[in-house]
Amino acid sequence: MDLLPMDIGPLNPVVGELVVAAVLFALVFLFFVRFVPRIQHVLDEREAATKGTEAEAEALREQARIKRDEVAAALAEARHEAARIRQRAFEEGAALIAEARADGRREHTALLAQGHARLTEDRATAEAELRVQVSELASNLASRIIGEPIEAQAPQRP
């Protein structure tokens, strides 16, 4: 049985097929009306969770960037402080070296002065001892050269 009394080919469906198609369409429509909102709700929750996770990840990235910047700043400050400490140690070392050189020069000068004074004193002592013994040594030498004993005279003081 046809829906329309005239023959229009495939555009004139059979009533039984039309009813079956309408019932199947209604069942599929009810299925989608019933389950699509649930599916959409699950998809929305999943999307929200994904967006929330993305937001958390972005927040963590921002925190990590801030921490990295803080660490970089602290590291730069530590390097600067280390450079200051090295410079200060270099300057203190140079000052200590200069002080040690000055002490060495003072000691050198003192030792030279002490040595000159001691040499002068020893020379004076040696001269005094030789002056006492010079006449005796001269007489001994003269007696050896001449071959006759000569007596030493007492030294004359000028």
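Trainee: Which residues form a nonpolar patch on the surface?

Mentor: This is a predicted model, in which local features need pLDDT of at least 70 and side-chain atom pairs count only at pLDDT 80 or more, whereas totals for chains, interfaces and linings use all residues. Residues are numbered from 1 along each chain as its sequence is written, and side-chain values use heavy atoms, with hydrogens and water left out. Patches are built from residues with over 30% relative accessible area and no salt bridge, like charges being joined within 9 Å and nonpolar side chains (Val, Leu, Ile, Met, Phe, Trp, Tyr) within 5 Å. The nonpolar patch on the surface is formed by V28, F31, F32, F35, V36, I39 and L43.

Trainee: How many aromatic pairs does a search of the whole structure find, and how are F25 and F29 arranged?

Mentor: Rings of Phe, Tyr and Trp (its six-membered ring) pair if their centres lie within 6.5 Å, and planes under 30 degrees apart count as stacked, over 60 as edge-to-face and the rest as tilted. The search of the whole structure finds two aromatic pairs. The ring centres of F25 and F29 are 6.2 Å apart and the planes meet at 20°, so this pair is stacked.

Trainee: How far apart are F25 and F29 along helix α1?

Mentor: F25 is exposed, because its relative accessible area is 58%, while F29, with 48%, is partly exposed. Because F25 and F29 are four residues apart in helix α1, their separation is about one helical turn.

Trainee: What arrangement do the rings of F31 and F32 form?

Mentor: F31 counts as partly exposed at 44% relative accessibility, and F32 is partly exposed as well, with a relative accessible area of 46%. Their rings lie 5.5 Å apart from centre to centre with 75° between the planes, an aromatic pair that is edge-to-face.

Trainee: How many salt bridges does the structure hold?

Mentor: A salt bridge is a side-chain nitrogen of Lys or Arg within 4 Å of a carboxyl oxygen of Asp or Glu. One of them joins E70 and K67, whose closest N and O atoms are 4.0 Å apart, and both residues lie in helix α1, three residues apart, or about one turn of the helix. The number of salt bridges that the structure holds is nine.

Trainee: What N to O distance belongs to the salt bridge of E77 and R84?

Mentor: E77 is partly exposed, with a relative accessible area of 45%, and R84 also counts as partly exposed, at 35% relative accessibility. The side chains of E77 and R84 meet in a salt bridge whose N to O distance is 3.6 Å.

Trainee: What radius of gyration does the protein chain have, beside that of a compact globule?

Mentor: The protein chain has one helix and zero strands, and its C-alpha atoms fill a box of roughly 190 × 30 × 20 Å along the principal axes. Of its 158 residues, 2% count as buried. The radius of gyration is taken over C-alpha atoms, and the globule rule is 2.2 Å times the number of residues to the power 0.38. A compact globule of 158 residues would have a value near 15 Å, but the protein chain has 62 Å.

Notes. Accessible areas come from the Shrake-Rupley method with a 1.4 Å probe; for residues, only the protein chains shown count as cover. Helices (H or I, at least four residues) and strands (E, at least two) are DSSP runs, numbered from the N terminus. Buried means under 20% relative accessible area, exposed over 50%, partly exposed in between (1.4 Å probe, protein chains only).
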